[in-house]
Amino acid sequence: MATLVLINVADGSITEIGSQKWAFIDDIVWHPTGDSLLMIAADDLLFQGQVWEVAYPAGAGRRLTNNLNGHYSISVTADGSSIVVGEVYSRSAIWVSPDVNPENAKSVMSATADTWGLGWTPDGRIVFASDQTGEPEIWIMDADGSNARALTSDRALKSVPVMSSDGRYIVYSTARGADR
């Protein structure tokens, strides 16, 4: 876990800013007023980096963005009136090969959404976690990409779906109930 730490240049003393722990911190800038820090960070490993404002010196954090794509860089204008951030934009395709030769693989789902894990079902279909409709859901489709349909509709982030050997159940990881 990551923390925000302040180093006093004059005496080398180190002080932690606030008590919040972060899964990661990607970028930090001081607000020109000096009363806060703006940063790209995640408070949970399940989520992409978001834009946060952390009050200084109190250390209270407030999330400013809340999206599935996440962010990777931040800067603020000299007068503090505008920020610029880079957005992570990920899309993934699904390919199927009849053998282990990659030259024989064919795309069965184009790169129109992001995917967080996939697997075969016992009857030869593919189960996968994806944001095909703009929300993260568990999907199932035939091996050729046809008959795709969402199996969930709760809008909670999901990943790594695995089908039981009897084909009756799918187990997956979820962030259900977490703030997003």
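Reply: Arg-91 is partly exposed, because its relative accessible area is 29% (buried means under 20%, exposed over 50%, partly exposed in between, with a 1.4 Å probe and protein chains only). This is a predicted model, where local features need pLDDT of at least 70 and side-chain atom pairs pLDDT 80 or more, while totals for chains, interfaces and linings use all residues. Residues are numbered from 1 along each chain as its sequence is written, and side-chain values use heavy atoms, without hydrogens or water.

Arg-91 has a partner. Its side chain meets that of Asp-131 in a salt bridge, 3.8 Å from N to O (a side-chain nitrogen of Lys or Arg within 4 Å of a carboxyl oxygen of Asp or Glu). Asp-131 sits in the loop between β12 (126-130) and β13 (137-141), and Arg-91 in the loop between β8 (83-87) and β9 (92-96), so the bridge ties together parts that are 40 residues apart in sequence (strands are DSSP E runs of at least two residues, numbered from the N terminus).

Now look at the other end. Asp-131 is buried, because its relative accessible area is 9%. Which residues does Asp-131 touch, leaving aside its neighbours within four places in sequence? They are Arg-91, Ala-113, Asp-114, Trp-116 and Pro-136 (contact means heavy atoms within 4.5 Å). Asp-114 is on that list. Its backbone nitrogen lies 2.7 Å from a polar atom of the Asp-131 side chain.

How many salt bridges does the structure hold? There are 8. Glu-137 and Lys-158 form one of them, with their closest N and O atoms 3.0 Å apart. Glu-137 lies in strand β13 and Lys-158 in strand β15 (residues 158-163), so this bridge joins parts that are 21 residues apart in sequence. Both Glu-137 and Lys-158 are buried. Asp-154 joins in: salt bridges link Glu-137, Asp-154 and Lys-158 in a network.

Another bridge runs from Glu-53 to Arg-62. Here the closest N and O atoms are 2.6 Å apart. Arg-62 counts as partly exposed, because its relative accessibility is 49%.

Next, the rings. The structure holds 3 aromatic pairs (ring centres of Phe, Tyr or Trp, using its six-membered ring, within 6.5 Å; planes under 30 degrees apart are stacked, over 60 edge-to-face, the rest tilted). Among them are Trp-22 and Trp-52: their centres are 4.8 Å apart and their planes stand at 80 degrees, so the pair is edge-to-face. Trp-22 is in strand β2 and Trp-52 in strand β5 (residues 50-55), so the pair links distant parts of the chain, 30 residues apart.

Trp-30 belongs to strand β3 (residues 24-30), and Tyr-56 to the loop between β5 and β6 (61-63). The pair links distant parts of the chain, 26 residues apart. Trp-30 is partly exposed at 42% relative accessibility. Tyr-56 is partly exposed at 29%.

How values were computed
Helices (H or I, at least four residues) and strands (E, at least two) are DSSP runs, numbered from the N terminus. A polar contact is a pair of N or O atoms within 3.5 Å; within protein, one must be able to donate a hydrogen and the other to accept it, and residues adjacent in sequence count only if both atoms are side-chain atoms.
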